[in-house]
Each structure stands twice: as structure tokens, then as C-alpha cells.
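This report concerns a single protein chain. The sequence and structure are shown first.

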Amino acid sequence: MHPSSAKRRNTTVADQQEQTDVLYNGDCPVCSVEIDHYARLSQRRDLPVRFDDLNACDLARWGVDADQAARRLHVRHKGEVLSGIPAFLVLWSQMPGYRWLGRIVGLPGLRQLATLVYDHLLAPLLYRWHLRRVRRQG
């Protein structure tokens, strides 16, 4: 099931404060596999997590343009928009079965290492693949 088709639960104002929104690139095969997994888990557990595909949502609501959004994962939680490893840490903290990963990656030293790897290796690689896909389509 695609995240955008995930059933959305009715939320109260209090629930919305705790809702986690995830902005991801649905055209990225790697991103889609990972986010589809989180979306299925979220739906099965009725978690207050919503997934927005950057290719099909209002990016102004996120305060980013299409290029910024395509460069890294973004998460909004408790009114704050985070990107990169801090965004993953918030997402994992919401996901049963991933909380342990968030605690480990969030440890001093490991957090900095994970940030370096994501910021300088993984995110740029995924972004270059994104640009290649865009050029082939355009």
C-alpha cells in the first residue's frame, strides 16, 4: 500500500500536537520502500503519523521548496520541522520496533557519525539519483 493511501484517523487538537508528519520522495525507489514499510506499520498500529509525498503535496506547508525537500527526509513533530538524522530519530521514536534504533543512533558519538554518513554520503547519493530520474523524465 502506498503511504498516501493510508487511512487517516480522526484527530483532536490534542492529537494533532502529537502527530508526526513525514515528508519523503515517493519517486525515489529506496525512499519509497522504507517509507511504505513505516506507513504499513503506522496504519496497523493506528499511530498518529502521516506521510506526505513531496511530489503530491503543498510544500509551502512544509516551508521548503521541491529541491530542498528532495535532498533529505523531513519530519514535523510538535510544530518543529527537522531534517536528516534528527528527523529519522523522531520518526523512529514513533515506530514500535524502531525505538531501540533511535535510542542507539541518538547516543553521543553515534549521532554525529550517523549525521556525517547521512549528510555526506547517503543523502547526496539519493539526491543525485533523484536528479538523474528527473532528467530522464524531462
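## Basis of the model

The model is predicted: local features require pLDDT of at least 70 and side-chain atom pairs pLDDT 80 or more, while totals for chains, interfaces and linings use all residues. Residues are numbered from 1 along each chain as its sequence is written, and side-chain values use heavy atoms, leaving out hydrogens and water.

## Overall fold

The chain contains six helices and four strands, taken as DSSP runs (H or I of at least four residues for helices, E of at least two for strands) numbered from the N terminus. Their order along the sequence is α-β-α-β-α-β-β-α-α-α.

Of the 138 residues, 40% are buried (under 20% relative accessible area; exposed is over 50% and partly exposed in between, with a 1.4 Å probe and protein chains only). Among contacts (heavy atoms within 4.5 Å) between residues at least 6 apart in sequence, 63% join residues at least 24 apart.

## Helix 2

Just after the helix, D46 adopts a positive phi of about 55°.

## Salt bridges

The whole structure holds seven salt bridges (a side-chain nitrogen of Lys or Arg within 4 Å of a carboxyl oxygen of Asp or Glu). One of them joins R50 to D21, with the closest N and O atoms 3.7 Å apart. Because R50 lies in strand 2 and D21 in strand 1, this pair ties together parts 29 residues apart in sequence. Both R50 and D21 are buried.

R61 and D52 form another salt bridge, at 2.6 Å from N to O. R61 is partly exposed at 40% relative accessibility, whereas D52 is buried at 7%. A network of salt bridges links D21, R50, D52, R61 and R76.

## The buried residue D53

D53 lies in strand 2. This residue is buried without a salt bridge, and the nearest side chain of opposite charge, R133, is 9.5 Å away (Lys and Arg count as positive, Asp and Glu as negative; His and chain ends are not counted).

A polar atom of the D53 side chain lies 3.0 Å from the backbone nitrogen of G26. The D53 side chain also makes a polar contact with the side chain of N55 at 2.8 Å (a pair of N or O atoms within 3.5 Å; within protein, one must be able to donate a hydrogen and the other to accept it, and residues adjacent in sequence count only if both atoms are side-chain atoms).
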